Amino acid sequence: MDCSRGIRVTLLLLLVASLVVASRAREAQPLPPLESAAAAGSNRRAPERHGLSLDFYAKTCPAVDQIVANVTAARYRDLPAAGPAVLRLFHHDCFVEGCDASILIAPTGGAAGASKVERDMEENRNLPQEGFDTVEMAKAAVESKCPGVVSCADVLALAARDYVQLAGGPYYPVKKGRKDSKVSLPGKVHGSLPRANSTVDELLRVFAGKGLGAADLVALSGAHTVGFAHCVHVLGRIYDFRGTRRPDPLMDARLVKALRMSCPSSGGSARVVVPFDVSTPFQFDHAYYANLQARLGLLGSDQALFLDDRTRPMVEELAGNKTRFFQAFVASMDRMGSIRIKKGKKGEVRKVCSQHLLAA
């Protein structure tokens, strides 16, 4: 993060700190467990028998978890922003044709007639480079010990888990055995990922298409407890909500004011980022949900989870119970990590994550 960006983010955090504290005076009471909400979408979920296992590399690369962890720990110490960047990569990978590292394939150089890849699409153009770099570093470390064995898709899944823990979240075992995709299909990106202003209906449709339900939507959205969004994703909410030329009336007015100081309505904000979680942006906790209760959700799609009757009870429960959030998040990460796994000859094990095996 450059100096000017850091100053803007710091200013924003200072401006909203007082209203966050005031909003936390009354903590939400926990509601009954989420089993009923999860069960409602269970018929759409990915099968549990997805061919992955905790001991997939027990004989071929038994230390793979530790090898990746050594890289992510050092990287997090030097560049904390790499954490949410890798988490976002994992989500963008799994939601487009499954968890197969297709998001990691690099463009071929911009030559005339060059084939596009997923990274070229508008939805992926702001993915931070530090995320890609971290996965390549981890993969290189694994290759040095276990050449040609561990897929980039598995390295990405492990790195995402590591960063959750490094930021204060839960440690959880990661099932392995994914193969890397042999293709990266840009035409599959549009419509496969949630948008910053998606309605709950739209979000539920996207998640249902991956075999995930409402409980997964709410739990996985909790990843926004860390990381940042570019100003372009909030300009509509703070300047011209639905063509009214006014801010979103459901966003706390003090947050609107703070965001306007970082994100001008035109010019000067293309590279500026603002935190998803205005209270603890570097801490993996359940503050994200309490922010939604206090009308401090950054994206329209975030705040919508509290406004909709179908998802509000889950938001309220997770806002009041960090342990329950961690449990729900881990379960949903396992389900997301099992979407459309490539096995056998349908996939490959790349040596360099940004290049298909034949091109490496």
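Why does histidine 92 count as buried? Select histidine 92: its relative accessibility is 8%, so it counts as buried (under 20% relative accessible area; exposed is over 50%, partly exposed in between; 1.4 Å probe, protein chains only).

Before moving on, note that this is a predicted model: local features need pLDDT of at least 70, side-chain atom pairs count only at pLDDT 80 or more, and totals for chains, interfaces and linings use all residues. Residues are numbered from 1 along each chain as its sequence is written, and side-chain values use heavy atoms, with hydrogens and water left out.

**Stop 1: around His92**

Show helix H4, residues 82-94, which holds histidine 92 (helices are DSSP runs of H or I, at least four residues; strands are E, at least two; both numbered from the N terminus). Beyond four places in sequence, histidine 92 contacts Glu123, Asn124, Leu127 and Leu193 (heavy atoms within 4.5 Å).

**Stop 2: the disulfides**

The whole structure has 4 disulfides (cysteine sulfur atoms within 2.5 Å).

- Select cysteine 61 and cysteine 146. Their S to S distance is 2.1 Å. The link is right-handed, with 75° about the S-S bond. It joins distant parts of the chain, 85 residues apart.
- Select cysteine 94 and cysteine 99. Their sulfur atoms lie 2.0 Å apart. This link is right-handed, at 120°.
- Select cysteine 152 and cysteine 353. Their sulfur atoms are 2.2 Å apart. The link is left-handed, at -100°. Cysteine 152 sits in helix H6, and cysteine 353 follows strand S4 (347-348). Both cysteines are buried.
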